[in-house]
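Here's a quick briefing to read alongside the model. Have the sequence and the 3D view open as you go.

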Amino acid sequence: MGAYIVGGSVVKVDRHFEYGYRDLAYKALSSCEVCENPDYVVVASALPELMAHQVDVGVHIVQWTGRRVPVVRVESGESSGVAAVEVASSLIRSGAARKVVVLGVEKVTEYPTYIANRMYSLILDYEFEVLRGVSPPVYAALAMKELLRDGFSRECFSSWAVRMHENATRIPHAMLRFKISVELFKDVQVLAEPVTLYDSFALGDGASAIALSSEPSGYEVAVEVKYSSSEVGLPAYSRDRVSELAASTKLLKQLGERFGVDLRKVVVELHDSYTPYPIALLHSLGYIDIRCELDGLDYLNLSGGLKARGHPIGATGAYQVYEVFKLLTGGFNGLSTNSEVGVVHSMSGPDNLSRVLLLRRWK
Amino acid sequence: MKAGIRGWGAYIPRFRLSALEIASLWGYDSRIPKALNIVEKSVAEEDEDAVTMGWYAAKVALRRARVGGEEIDAVFFGTESKPYAVKPSATIVADALGIKRRKLASDMEFACRAAGEGLRIGVGLVGGGFAQNVLVIGSDTAQANPGDLLDFTASSGAVAFVVGPEGSSVASIEASVTYVTDTPDFWRRDRSPYPEHGEIFTGEPAYFHHIISAAKLLMEETGLRPSDFDYAIFHQPNGKFPLQVARTLGIPQEKVLPGLVTPYIGNTYNASALLGLAKVLEEAKPGSRILTVTFGSGAGSDAFSIVVKDSIADVVNLGPRVADMIGYRLPITYAEYTKFRNLLLRNV
């Protein structure tokens, strides 16, 4: 039995100071017409215990929205959203449910940014890394330094951010809908030399609802979840190179080997929490060399990526899936593609765990 | 009866602490001062406080207004750094200036906008015929937790205005509105020496929302458009925010820069936007229309539309100008700053 995405909705990624996690979830669900009457709800959220002081967040969301359906919450760090789609697909494929709603939700602005960043850092190993002062931007800095030593230019990373901002200007739900230039990087705040604020994702609140069904025929459009896979990588401190994203590379290579996926021909959303990671990944897959030319990768992160669409941590994967679904079924806001295949890549931390989804337009 | 500004005065301590020195001491990126558009901040000396600074500004305001103490019917002192937790500062200043005893006098607290509300109350008292002249003072030796981002900007300064009948004023207050909500973006609890703030929460839902809402409300009620104003002055927690507000409202930067004083003296809290107004009054040509919007955390904004009259030229030179006080500067070290602002705990 197949699992098909039949619709969804998103809340603009932003600093929603006036909304709590429940409100965000309700907004996403209530604007998703095809999300009515599911057999199961899978909630993806990474930080509710820390940011909202709430355990069992899925139950409280379902109760708040007036539903009485079974719910499970999935937490897998930054890749929670894609993990939730994997779980939902499994529920459908196993016959346990005919219709499942995935709800990615994250509320990160309950606290000042320095506290939110402290909580976000817990995607790393608390005892081995966080307690010793290692944070995600530190690994991103090490990765960028390795790539600079390999011969990549600083402009390569800046150009990624510029491209993401440009893409985000066309996305209604993107957080940073403005253009930046490479020149701006020289004056921007440094997070961890040489990684700057503009090399980092935009942290925002968000919620995304996606409906999956075993019976796509009754819906206007449908995209099949053709394949999903995940891989745990080595801890960054155990690798020869931080920029060696072995798990992600393996998963994306498998897509090429098993399904003939060429990232130049499909809609693809790559996890770009920090600019060195997508560059390292595309290089290891052979799509770019040190000249860093992204020509031909026309459907790459049209959403603006984590960099500019924004990164509501545990909900981000659900945004990526929604965006690829939309781009495969007509697009949005005048943005469309002629591809029938899409790839979603998500990872938590610097390739500590990576997930990929292969999506194919069904109708 | 309409009200207007009869006179104004300012006080800016001469000591300046470089924002780069603050960044260096506390390990901030050296690009932070540029990002905040702050070069240095003014620091009051050991024997200065909100009262002494406010007194000087008020003395000059009375001189420019050409009124004596017997003609002042109310004194409002806006501050969040009053020397006495319980004991009015307004009475100290009033007595020191020889203002008559039959008067209203009180200290006002609403973070950085208490003096702005004082101005509105002054407009109301004069307009309602309850007072002939009202003295409004905004004065702060602003507090910031050492090493906090606020440390870059929290500074010292004072400003004072005499509000009187429009007919005897040098600048007419043609309209004013206030916009207030309960927004906990910045606060200081009892027994806490320094304020705390909600970081990014102090921006969009607090500062920008209230200032923009008050400005729009004023324009809705008056029918004025952004292009009708020759100058625009917004509360200045740093040198960047007021320019962002102007962009949002469609007001060109050149109308904001003349009243933007924070890059050179920091955020003087209750005196912040109103020092900008004082500076513009000293430079504006008769007929100029000035938009002034205060902001205080907690949160609220007062928006004023002020039109400069011909008679302003007669009073500008009756006191020191803000621009001259900004230029009269003596650099100090962070060590001197800690001494001047009594930041070191010691037995005495």
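How many residues does the contact take from chain A, and how many from chain B? The contact takes seven residues from chain A and 11 residues from chain B, where two residues are in contact if their C-beta atoms, placed from the backbone, lie within 7 Å. By class, the chain A side that touches chain B has three nonpolar, two polar and two charged residues; Ala, Val, Leu, Ile, Met, Phe, Trp, Tyr, Cys and Pro count as nonpolar, Asp, Glu, Lys and Arg as charged, and the others, Gly among them, as polar.

This is a predicted model: local features need pLDDT of at least 70, side-chain atom pairs count only at pLDDT 80 or more, and totals for chains, interfaces and linings use all residues. Residues are numbered from 1 along each chain as its sequence is written, and chains are lettered from A and ligands numbered from 1 in the order in which they are written.

**Domains of chain A**

- Chain A splits into domain 1 (4-112 + 205-218) and domain 2 (135-200 + 225-361), with bounds that come from an automatic or database domain assignment.
- The C-alpha centres of these chain A domains are 23 Å apart, and their contact takes 33 residues from domain 1 and 28 residues from domain 2.
- On the domain 1 side, the elements giving two or more residues are β1 (4-10), α4 (80-93), β4 (99-106) and β7 (206-213) of chain A; helices (H or I, at least four residues) and strands (E, at least two) are DSSP runs, numbered from the N terminus.
- α4(A) gives the most to that side, with eight residues.
- Sorted by class, the side of domain 1 of chain A that touches domain 2 has 15 nonpolar, 11 polar and seven charged residues.

**Domains of chain B**

**A helix pair in chain B**

- The axes of α6 (residues 203-222) and α7 (residues 241-249) of chain B come within 11 Å and cross at roughly 45°; axes are lines fitted to C-alpha atoms, for helices over the stretch in contact, and angles run from 0 to 180 degrees between N-to-C directions.
- The residues making this contact are Tyr207(B), Phe208(B), Ile211(B), Ile212(B) and Ala215(B) of α6(B), with Phe241(B), Val245(B), Thr248(B) and Leu249(B) of α7(B).
- By class, the contact of α6(B) with α7(B) has eight nonpolar, one polar and no charged residues.

**The sheet in chain A**

- Nine strands of chain A make an open sheet with mixed pairing, in the order β3-β2-β4-β7-β1-β8-β11-β10-β9; two strands pair if DSSP finds at least two bridges between them.
- β3 (71-74) and β9 (267-269) of chain A are at the edges with a single partner strand each, so one side of each has no neighbour in the sheet.
- β10 (residues 341-348) and β11 (residues 353-361) of chain A pair in the antiparallel sense over eight bridges, and Met347(A) stands opposite Ser354(A) in β11(A).
- Helix α8 (residues 246-259) of chain A packs on the sheet, touching β8 (223-232), β10 and β11 of chain A.
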